[in-house]
Amino acid sequence: MVLTSCGWQGIANVPLPVGPGSQKGSQTYYVQIPDTLALNTNSRVRVADVFVGTVRKIELKDWVPTITLSVEPGIWLPANATAKIGQSSLLGTQHVELAPPANPSPQPLKDGATIPISRSSSYPTVERTLASVATVLRGGGIPNLEVISTEVNNLLTGNAEQIRAFLNKLDVLTRELNQQRNDIARAIESTNDLFSYIATRNTTIDRLLVDLPPLVEYLAGARDRVTDAVLALGRFGKVTGDTLSAAQADLRTNLELLQRPLKQLGRGAPYLLDALRMAVTNPYPLDNIPKVIRGDYINLSLNLDLTLSTLDNGVLTGTGVSGMLRALEQSWGRDPATMIPDVRYTPHPNMTDGGGPFVVRDE
């Protein structure tokens, strides 16, 4: 079954095929107007109080009331003509009046032209006039002005200091806001960017709004467990705090003692990787394993330097007797120029302090 319906606005809104503006060659104009009042289809169109056309249609175009006028041919109007809705009689009959403005354009109003809302208005109606007269006769809001004046006077009397202080604070507030207008503008722009970003994540927000209620419902049911967990976490934090407070002195001492080995480790950092390459395959470097181990035998060559200066560098360096074997070797007549350098006083190119002893005796 198909149901149909139709609208009926009265016989007055049925366009009539007779009258001015209905003959062949008539011109059509469109008028945008803020309020159509009680104007109906078939209302008259007047130019200089002469009946020259008819209202053919009243409709809403792009949310603007628009009136379609049909004017008989031969009527000249300037391109900037104005339109007004006036009342033809006291009974409420209305018409559209077309007229040239104070400075008419030399160009004519072409067929199909639109008179914009800025050049259209309406005359006061009888209802509005009677309402204004009734307001005056009944006093309107004039008696209330005396009440307002009295209340303002009561407010200001005896409160001059408080009002002055308020105005001073208002002035400070205005001045501070004026100084921060760039920050306020930046905050507004950032908020706009945030909203723009959120607008591009509508799908994610929709999914969040769908998934969030079950989570809230679950948390509401597990409120006791969550409360117990928070309390347990608080107790754990208290125990941890008490323990660290009690061990604060020992912890500080350990950290201070740890600075020395860490300092030496930092100095030896350039050689740490190479040393680690030998840690697993000691005494053979990792890169030389293919050269040393060949099948089921091992190639080995050993050079032993048992001079006193070498033993001093390798064994006694960093101890309280470092340098004693080197001095003994020199006392036996060994030329220091032919001895290996003393590592305590030999600068190293990788040191950041421009050289110096690699191992400091007092550490």
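User: What makes residues count as touching valine 45?

Analyst: Contact means heavy atoms within 4.5 Å. Residues up to four places away in sequence are left out of the list for valine 45. What remains is Val50, Phe51, Val52, Gly53, Thr54, Val55, Leu69, Val71, Val96 and Leu98. This is a predicted model: local features need pLDDT of at least 70, side-chain atom pairs need 80 or more, and totals for chains, interfaces and linings use all residues. Residues are numbered from 1 along each chain as its sequence is written, and side-chain values use heavy atoms, without hydrogens or water.

User: Which residues have the most contacts inside the largest nonpolar core, and what makes it a core?

Analyst: Val45, Ile67, Leu69 and Leu98 have the most contacts inside it. A nonpolar core is a set of buried Ala, Val, Leu, Ile, Met, Phe, Trp, Tyr and Cys residues joined through side-chain atoms within 4.5 Å. The largest one here has 20 residues. Strands 1, 2, 3, 4, 5 and 6 each give two or more residues to it. Strand 4 gives the most, with three.

User: How do you know where a strand or a helix is?

Analyst: Both are DSSP runs, numbered from the N terminus: a helix is H or I over at least four residues, a strand is E over at least two. The protein chain has 11 helices and 10 strands.

User: What makes strand 5 and strand 6 a pair, and which way do they run?

Analyst: Two strands pair if DSSP finds at least two bridges between them. Strand 5 and strand 6 have six bridges, so they pair. They run antiparallel. Lysine 84 stands opposite glutamate 97 in strand 6. The two strands form a hairpin with six residues between them. In that turn, glycine 92 has a positive phi of about 110°.

User: Which other strands form a hairpin, and how many residues lie between them?

Analyst: Strand 2 and strand 3, with two residues between them. Alanine 48 in the turn has a positive phi of about 55°. Arginine 44 faces threonine 54 in strand 3. Strand 2 also pairs with strand 6, in the parallel sense, over three bridges. There arginine 46 stands opposite glutamate 97.

User: Is serine 309 buried or exposed, and how do you know?

Analyst: Buried means under 20% relative accessible area, exposed over 50%, and partly exposed in between (1.4 Å probe, protein chains only). Serine 309 has 1%, so it is buried. Leucine 37 has 26%, so it is partly exposed. Serine 309 sits in helix 10. Its contacts beyond four places in sequence are Arg326, Glu329, Met339 and Ile340.

User: Why is leucine 276 called exposed?

Analyst: Its relative accessibility is 52%, over the cut-off, so it counts as exposed. Leucine 276 is found in helix 8.

User: What makes the nonpolar surface patch a patch, and which residues make it?

Analyst: Patch residues have over 30% relative accessible area and no salt bridge; nonpolar side chains (Val, Leu, Ile, Met, Phe, Trp, Tyr) are joined within 5 Å, like charges within 9 Å. A salt bridge is a side-chain nitrogen of Lys or Arg within 4 Å of a carboxyl oxygen of Asp or Glu. This patch is made by Leu244, Leu251, Leu255, Leu258, Leu262, Leu265, Leu272, Leu273 and Leu276. It covers about 860 Å², an area from the Shrake-Rupley method with a 1.4 Å probe, where for residues only the protein chains shown count as cover. Helix 7 and helix 8 each give two or more residues. Helix 7 gives the largest share, five residues.

User: How many residues does the protein chain have, and what share counts as buried?

Analyst: It has 363 residues, and 18% count as buried. The chain exposes about 27,200 Å², with 62% supplied by carbon and sulfur atoms.
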